[in-house]
Amino acid sequence: MDHVGFTGEQFRGFRDVPRKGPIHMLNLVKLRERAEYPDGRAATGAEAYAAYGRETAHILERLGGRIVWRGKMEFMLIGPQEGEDWDLCFIAEYPDAEVFVSMIKDPEYRAAMEHRQAAVRDSRLIRMEPLPVGEDFGG
(Lines give C-alpha, C1' and ligand atoms only; values in the text may rest on other atoms or scores of the structure.)
Protein backbone atom coordinates (compact mmCIF):
# COMPACT_ATOMS: atom_id res chain seq x y z
CA MET A 1 0.00 0.00 0.00
CA ASP A 2 1.29 3.46 -0.89
CA HIS A 3 0.96 6.30 1.60
CA VAL A 4 0.41 9.84 0.33
CA GLY A 5 -1.75 11.42 3.04
CA PHE A 6 -2.97 10.98 6.59
CA THR A 7 -6.32 10.16 8.14
CA GLY A 8 -8.18 12.29 10.67
CA GLU A 9 -7.29 9.72 13.34
CA GLN A 10 -3.59 9.92 12.46
CA PHE A 11 -3.73 13.74 12.54
CA ARG A 12 -5.38 13.68 15.98
CA GLY A 13 -2.66 11.30 17.18
CA PHE A 14 -0.02 13.74 15.89
CA ARG A 15 -1.69 16.64 17.72
CA ASP A 16 -2.16 14.61 20.91
CA VAL A 17 1.55 14.02 21.48
CA PRO A 18 1.91 15.93 24.78
CA ARG A 19 5.41 17.33 24.30
CA LYS A 20 5.77 21.06 23.64
CA GLY A 21 8.64 22.66 21.74
CA PRO A 22 10.34 22.12 18.39
CA ILE A 23 9.56 19.16 16.21
CA HIS A 24 11.40 17.60 13.29
CA MET A 25 9.44 15.96 10.51
CA LEU A 26 11.35 13.30 8.58
CA ASN A 27 10.09 13.22 4.99
CA LEU A 28 10.78 10.26 2.71
CA VAL A 29 9.21 10.74 -0.72
CA LYS A 30 8.94 8.52 -3.78
CA LEU A 31 7.77 10.43 -6.86
CA ARG A 32 5.59 9.24 -9.70
CA GLU A 33 7.27 9.18 -13.09
CA ARG A 34 4.35 11.23 -14.47
CA ALA A 35 2.33 13.50 -12.18
CA GLU A 36 -1.35 12.62 -11.86
CA TYR A 37 -3.30 15.88 -11.86
CA PRO A 38 -7.11 15.60 -11.83
CA ASP A 39 -7.29 18.01 -14.78
CA GLY A 40 -4.84 15.86 -16.78
CA ARG A 41 -2.09 18.47 -17.17
CA ALA A 42 1.28 17.06 -18.19
CA ALA A 43 4.23 17.16 -15.76
CA THR A 44 6.71 14.78 -14.27
CA GLY A 45 6.44 13.90 -10.60
CA ALA A 46 9.63 15.87 -10.00
CA GLU A 47 8.20 18.94 -11.74
CA ALA A 48 4.98 18.75 -9.74
CA TYR A 49 6.84 18.35 -6.43
CA ALA A 50 9.10 21.28 -7.34
CA ALA A 51 5.95 23.39 -7.88
CA TYR A 52 4.74 22.32 -4.42
CA GLY A 53 8.08 23.42 -2.96
CA ARG A 54 8.05 26.79 -4.74
CA GLU A 55 4.49 27.55 -3.67
CA THR A 56 4.96 26.56 -0.02
CA ALA A 57 8.51 27.67 0.85
CA HIS A 58 7.44 31.17 1.91
CA ILE A 59 4.67 29.72 4.09
CA LEU A 60 7.16 27.48 5.89
CA GLU A 61 9.49 30.45 6.38
CA ARG A 62 6.68 32.79 7.53
CA LEU A 63 5.66 30.28 10.20
CA GLY A 64 9.23 29.89 11.48
CA GLY A 65 9.90 26.51 9.89
CA ARG A 66 12.93 25.51 7.88
CA ILE A 67 14.59 22.56 6.19
CA VAL A 68 17.40 21.43 8.54
CA TRP A 69 18.70 18.45 6.57
CA ARG A 70 18.51 17.07 3.04
CA GLY A 71 20.12 13.98 1.63
CA LYS A 72 20.08 11.83 -1.48
CA MET A 73 19.49 8.13 -0.95
CA GLU A 74 22.25 6.07 -2.51
CA PHE A 75 21.84 2.52 -1.20
CA MET A 76 19.69 0.57 1.29
CA LEU A 77 22.15 -1.39 3.45
CA ILE A 78 19.64 -2.63 6.05
CA GLY A 79 16.00 -2.85 5.09
CA PRO A 80 13.86 -3.91 2.15
CA GLN A 81 15.78 -4.01 -1.09
CA GLU A 82 12.63 -3.19 -3.06
CA GLY A 83 9.98 -0.57 -2.48
CA GLU A 84 11.90 1.54 0.02
CA ASP A 85 13.96 3.63 -2.39
CA TRP A 86 13.26 7.32 -1.85
CA ASP A 87 13.68 10.14 -4.35
CA LEU A 88 13.62 12.87 -1.69
CA CYS A 89 14.82 12.67 1.91
CA PHE A 90 14.70 15.70 4.17
CA ILE A 91 13.92 16.93 7.67
CA ALA A 92 11.76 20.00 8.22
CA GLU A 93 11.89 21.75 11.59
CA TYR A 94 8.93 23.59 13.12
CA PRO A 95 8.91 25.68 16.32
CA ASP A 96 6.17 23.39 17.65
CA ALA A 97 3.45 21.04 16.47
CA GLU A 98 0.84 23.80 16.36
CA VAL A 99 2.91 25.61 13.72
CA PHE A 100 2.77 22.46 11.58
CA VAL A 101 -1.00 22.33 12.17
CA SER A 102 -1.30 26.00 11.15
CA MET A 103 0.60 25.28 7.96
CA ILE A 104 -1.67 22.34 7.08
CA LYS A 105 -4.74 24.54 7.61
CA ASP A 106 -3.38 27.55 5.67
CA PRO A 107 -5.59 28.06 2.55
CA GLU A 108 -2.62 28.88 0.32
CA TYR A 109 -0.78 25.78 1.53
CA ARG A 110 -3.85 23.62 0.96
CA ALA A 111 -4.13 24.90 -2.62
CA ALA A 112 -0.47 24.03 -3.27
CA MET A 113 -1.06 20.50 -1.97
CA GLU A 114 -2.56 19.61 -5.37
CA HIS A 115 1.02 19.49 -6.68
CA ARG A 116 2.19 17.19 -3.87
CA GLN A 117 -0.76 14.86 -4.35
CA ALA A 118 -0.13 14.73 -8.10
CA ALA A 119 3.61 14.14 -7.62
CA VAL A 120 3.89 11.60 -4.80
CA ARG A 121 3.59 7.86 -5.33
CA ASP A 122 4.53 6.89 -1.77
CA SER A 123 5.86 8.67 1.30
CA ARG A 124 6.65 8.53 4.99
CA LEU A 125 6.21 11.49 7.32
CA ILE A 126 7.56 10.88 10.80
CA ARG A 127 7.28 13.31 13.73
CA MET A 128 10.44 13.36 15.83
CA GLU A 129 11.69 15.13 18.92
CA PRO A 130 14.97 16.91 18.18
CA LEU A 131 17.76 15.77 20.49
CA PRO A 132 21.23 17.23 21.05
CA VAL A 133 23.83 16.22 18.51
CA GLY A 134 26.99 14.66 19.85
CA GLU A 135 29.21 11.62 19.88
CA ASP A 136 26.67 9.30 21.55
CA PHE A 137 23.85 8.00 19.35
CA GLY A 138 22.52 5.27 21.61
CA GLY A 139 20.86 7.01 24.45
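Ala57 counts as partly exposed because its relative accessibility is 43%, where buried means under 20% relative accessible area, exposed over 50% and partly exposed in between, with a 1.4 Å probe and protein chains only. The model is predicted, so that local features need pLDDT of at least 70 and side-chain atom pairs count only at pLDDT 80 or more, while totals for chains, interfaces and linings use all residues. Residues are numbered from 1 along each chain as its sequence is written, and side-chain values use heavy atoms, with hydrogens and water left out.

- Ala57 belongs to helix H2 (residues 45-62); helices (H or I, at least four residues) and strands (E, at least two) are DSSP runs, numbered from the N terminus.
- Between the C-alpha atoms of Ala57 and Ile67, which are 10 residues apart along the chain, the separation is 9.6 Å.

**The sheet**
- Four strands form an open sheet in the order S2-S3-S1-S4 with antiparallel pairing, two strands being paired if DSSP finds at least two bridges between them.
- S2 and S4 are the edge strands, each of which pairs on one side only.
- On average, neighbouring strands of this sheet are turned by 20 degrees against each other, direction ignored; axes are lines fitted to C-alpha atoms, for helices over the stretch in contact, and angles run from 0 to 180 degrees between N-to-C directions.
- Helix H4 (residues 107-119) lies across S1 and S4 and runs at about 115 degrees to S4, contact meaning heavy atoms within 4.5 Å.

**Strand S1**
- Strand S1 (residues 23-31) is largely enclosed by the rest of the structure, because 9 of its 9 residues are buried.
- Ile23, Met25, Asn27, Val29 and Leu31 point one way from S1, whereas His24, Leu26, Leu28 and Lys30 point the other way, and all are buried.
- With strand S3 (residues 88-94), S1 pairs in the antiparallel sense over 7 bridges, and the bridge partner of His24 in S3 is Glu93.
- With strand S4 (residues 120-128), S1 is joined by 8 bridges in an antiparallel arrangement, and Leu28 has Arg124 as its bridge partner in S4.

**A nonpolar surface patch**
- Phe75 lies in the loop between strand S2 (66-71) and S3, and it counts as exposed because its relative accessibility is 62%.
- Together with Leu77 and Ile78, Phe75 forms a nonpolar patch on the surface with about 440 Å² of accessible area.
- Patches are made of residues with over 30% relative accessible area and no salt bridge, like charges being joined within 9 Å and nonpolar side chains (Val, Leu, Ile, Met, Phe, Trp, Tyr) within 5 Å.
- Accessible areas come from the Shrake-Rupley method with a 1.4 Å probe, and for residues only the protein chains shown count as cover; a salt bridge is a side-chain nitrogen of Lys or Arg within 4 Å of a carboxyl oxygen of Asp or Glu.
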